[in-house]
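These are my notes on a structure that I opened today. I set down what I looked up, in the order in which I looked.

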Amino acid sequence: MRFSELDGQAVGVWGAGAETRSFARHLRRRLPGARIAAIVLDDPSQPIDEPDLLADDPVVTGPDGALGALSGCALLVRSPGVSIHRPELAALRRAGVPAATATGLWLAERGGRGVIGVTGTKGKSTTASLAAHLLRAAGERVELAGNIGRPALDLLDEPAGALAVVELSSYQVADLVTGPETAVVINLYKEHVDWHGDEATYRAEKLRLLALPGVQRCVVNALDREVAAAPCAGAQRTTFGGPDGWHVTEDGGVARGAELVAAADELPLRGRHNAMNVCAALAVIDAAGLPRPALPAGLQGFAALPHRLQPVADRDGVLWVDDSISTTPESALAALDSYADRDVILLGGGLDRGQDYAALGCALADRDATVLGLPSTGERLVAAARAAGVPSDRALAVGGMAEAVDHARRVAAPGTVVLLSPAAPSYDSYKNFQERGEHFAALATG
């Protein structure tokens, strides 16, 4: 369903996040014949700070009563965090009430035209931001939207073919009916099993982006076998990461075929994984037939995104780095590799999603690193590090962030990096990864 088709319809809303708040604003102002018939909130204490979500709409708190309140709607617009696999949404589908996100409605309205959609387990925000930065450096007008930048519906006033780079999470891809003109998948690891139900479903719902109607070209990571082999709706398939295309050199630079385009020290971000994100962004631009700026000059001015290997303090020779976005062991391994030239104290642990910390434990042992385990999975991370050979006095479980930072401050020598890269989500102790990173930064700078 397209956004414009909602005029005259009764619509339900589940959640009060940025996407649904944007949806309410645009519905009230653009489609006066439509009405929000009910709002469902999982958390009764969740404040609604969007006037257009209040009005006279009945609010239902919790899933009890949701079916009755929403059963007469033409569509349920869900916040991305509301899983399509919830039994209430399955019952609504059986009753003829489909669900969509605001981003999905916008993509359908656009037919995917002029849209570059970027997804992946890790690095999608950075890749999308890099692609937009490079296009602007080449003189293009481009909007950055989705999970980063503007809510997608805020682009309704843009011309139909205007260029937009949109970051898409698996939560949004899972029920998209129209894909972006250029679909990008940068990698795939185990993640979000609680939302999708199991790992196989997560992977399938992530990769379905490539095969959606509207997709004309796919850009995929040649080094990720599952991603590289995934079906693609478009006739054009472009890969990055392999030696024939955009790839990372042995010393961490970026090359295209045999041509070195930017040495490691000319890249704006540390780490081979970020060099791969640069490769992905450049491959996207080439695949879409868009102009590319001169390199490496076109990368100048790009800075690390918040909570993604973001330096937050440098005191007495000790660098404090916030990588709170790290919610998987793979992302923590990439962060660790980004500081291969320095001693590391790793702060890790968080919500238990069945993470396997064996490989991360081995990497910590190989690096002679110190690991401080945060609740709730920190004890398992510490056990994996000790099993791999990290001495018990350098692999310690702590009671929380304040204790971890205090211990790190006492033992860190000049030249050390204190790295918050938790390899787990934050929801057992914090509202989100941003709040976790802000707490770390405040303690590090306090």
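I began with strand β20 and asked which residue in it is the bridge partner of V344. The partner is V417. The model is a predicted one, and I read every entry below with that in mind. I then followed the pairing of β17 with β20: the two strands run parallel and are joined by four bridges.

I turned to β16, which pairs with β20 in the parallel sense, also over four bridges. Here I found V321 with L419 of β20 as its bridge partner.

I next checked where the side chains of β20 point. V417 and L419 point one way, V418 and L420 point the other way, and all of them are buried.

**Helix α12**

For α12, residues 358-366, I noted L360, G361, A363, L364 and A365 as buried. Their cover includes the helices α11 (329-338) and α13 (378-387) and the strands β17 and β18. Just after α12 I came upon D368, which takes a positive phi of about 55°.

**The open sheet**

I traced a sheet of six strands and wrote down its order as β7-β8-β6-β9-β10-β11; the sheet is open and its pairing is parallel. Its edge strands are β7 (142-146) and β11 (236-240), each of which pairs on one side only. From one strand to the next, I recorded an average twist of 20°.

**T121**

I located T121 in the loop between β6 (115-119) and α5 (124-137). Is T121 buried or exposed? With a relative accessible area of 5%, T121 falls under the 20% cut-off and is therefore buried. I found a polar atom of the T121 side chain 2.8 Å from the backbone nitrogen of Y189. Leaving aside neighbours within four places in sequence, I listed N187, L188, Y189, E191, Y202, K206 and T328 as the contacts of T121.

**Nonpolar cores**

I asked which residues have the most contacts inside the largest nonpolar core. They are L6, F23 and W106, in a core of 46 residues. Helix α4 (residues 102-110) supplies the largest share of this core, four residues. I then took F23 by itself and, with neighbours within four places in sequence set aside, found it in contact with F3, L6, V11, V13, V77, A102, L105 and L153. Apart from this core I noted another, of 38 residues, with V165, V184, I186 and A280 among them.

How values were computed:
Residues numbered from 1 in each chain as written. Predicted model: local features only at pLDDT ≥ 70, side-chain atom pairs only at ≥ 80, totals over all residues. Heavy atoms only, no water. Pairing = 2+ DSSP bridges. Axes fitted to C-alpha atoms, helices over the stretch in contact; angles between N-to-C directions. Core = buried A, V, L, I, M, F, W, Y, C linked by side-chain atoms within 4.5 Å. Buried < 20%, exposed > 50% of the residue type's maximum accessible area, 1.4 Å probe, protein only. Contact = heavy atoms within 4.5 Å. Polar contact = N/O pair within 3.5 Å; in protein donor to acceptor, adjacent residues only side chain to side chain.
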